[in-house]
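Please look through the structure shown below. The briefing that follows it is meant for a reader new to this structure.

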Amino acid sequence: MLTLPRIESLFASHGTAYYGGEAISQTAHALQCAQLAEQAGEPEPLIVAAFLHDVGHLMLAESSTTDMRHQEAAADALAELFGPDVTEPIRLHVAAKRYLCAVDAGYFSTLSEASVHSLALQGGPYDATQARAFAAGSHADAAVRLRRYDDLAKVVDLGTPPVAHYVDMAARCLRAA
Ligand code: FE
């Protein structure tokens, strides 16, 4: 089971790895994603979701040729700590990419090469029926907002708050015991 100290140690031990095929580290990506959500005035649970959305990548030994469904691993592992306002946008952030490819004509061209590669492994763009089903589900809006921050959180050498800032925020969002 994940705890906040365990999450901090995951970032410390695996966060220096590159984020997919991008030019920044996992930790930098997580911090930039959270910072974008915070600057947009999102509620704290969604900022925490942005910070933790790829923690599955830190938990799993992954390959570049199969999809390990990091979104499910993270959401399931985090569910004992946080409510659905944190876990469900994380669970849906890959679906939100598939959705945006279906409904936003300009979206696909904004994706990085690495993100296009993972999209194929993740099942590709949704068709119209799948897109409608996604949009009708709960947490779809939050997942789409998280996805937009995720896609932008790939800037080399951008200043951000430290991990501790978002771990403290996560502590405020913990489920009541
Ligand atoms: Fe990401």
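## Briefing

H29 is buried, with a relative accessible area of 0%, where buried means under 20% relative accessible area, exposed over 50% and partly exposed in between, using a 1.4 Å probe and protein chains only. This is a predicted model, in which local features need pLDDT of at least 70 and side-chain atom pairs count only at pLDDT 80 or more, whereas totals for chains, interfaces and linings use all residues. Residues are numbered from 1 along each chain as its sequence is written, and side-chain values use heavy atoms, with hydrogens and water left out.

**Iron site**

- The iron ion is coordinated at 2.1 to 2.5 Å by Y19 (OH), H29 (NE2), H53 (NE2), D54 (OD) and D150 (OD); donors are N, O and S atoms within 2.8 Å of the metal (3.2 Å for Na, K and Ca), and since water is not among the atoms, sites may look incomplete.
- Along the sequence, the donor residues of the iron ion follow the spacing Y-x9-H-x23-H-D-x95-D.
- H29 in helix α2 (residues 26–39) and H53 in the loop between α3 (44–52) and α4 (55–59) are 24 residues apart, and the pair links distant parts of the chain.
- Like H29, with its 0%, H53 counts as buried at 0% relative accessibility.

**Overall fold**

- The secondary structure of the protein chain comes to 11 helices and 0 strands, where helices (H or I, at least four residues) and strands (E, at least two) are DSSP runs numbered from the N terminus.
- The protein chain has 177 residues and a radius of gyration of 15 Å, which agrees with the value near 16 Å that a compact globule would have; this radius is taken over C-alpha atoms, and the globule rule is 2.2 Å times the number of residues to the power 0.38.
- Taken along the principal axes, the C-alpha atoms of the protein chain fill a box of roughly 40 × 35 × 30 Å.
- Buried residues make up 47% of the 177 residues in the protein chain.
- Of the contacts (heavy atoms within 4.5 Å) in the protein chain with a separation of 6 or more, 70% are between residues 24 or more positions apart.
- The accessible surface of the protein chain comes to about 8,300 Å², of which 56% belongs to carbon and sulfur atoms, with areas from the Shrake-Rupley method and a 1.4 Å probe, and for residues only the protein chains shown counting as cover.

**Aromatic rings**

- The count comes to 4 aromatic pairs, where rings of Phe, Tyr and Trp (its six-membered ring) pair if their centres lie within 6.5 Å, and planes under 30 degrees apart count as stacked, over 60 as edge-to-face and the rest as tilted.
- The rings of Y99 and F134 have their centres 4.8 Å apart and their planes at 35°, so the pair is tilted.
- Y99 lies in helix α7 (residues 93–103) and F134 in helix α9 (residues 128–136), so the pair ties together parts that are 35 residues apart in sequence.
- Y99 is buried at 16% relative accessibility, and F134 is buried at 8%.
- One aromatic cluster is formed by F11, F51 and Y166.

**Cysteines**

- The count comes to 0 disulfides, a disulfide being a pair of cysteine sulfur atoms within 2.5 Å.
- For C101, the closest cysteine sulfur is in C33, 17 Å away and too far for a bond, and C101 is buried at 15% relative accessible area.
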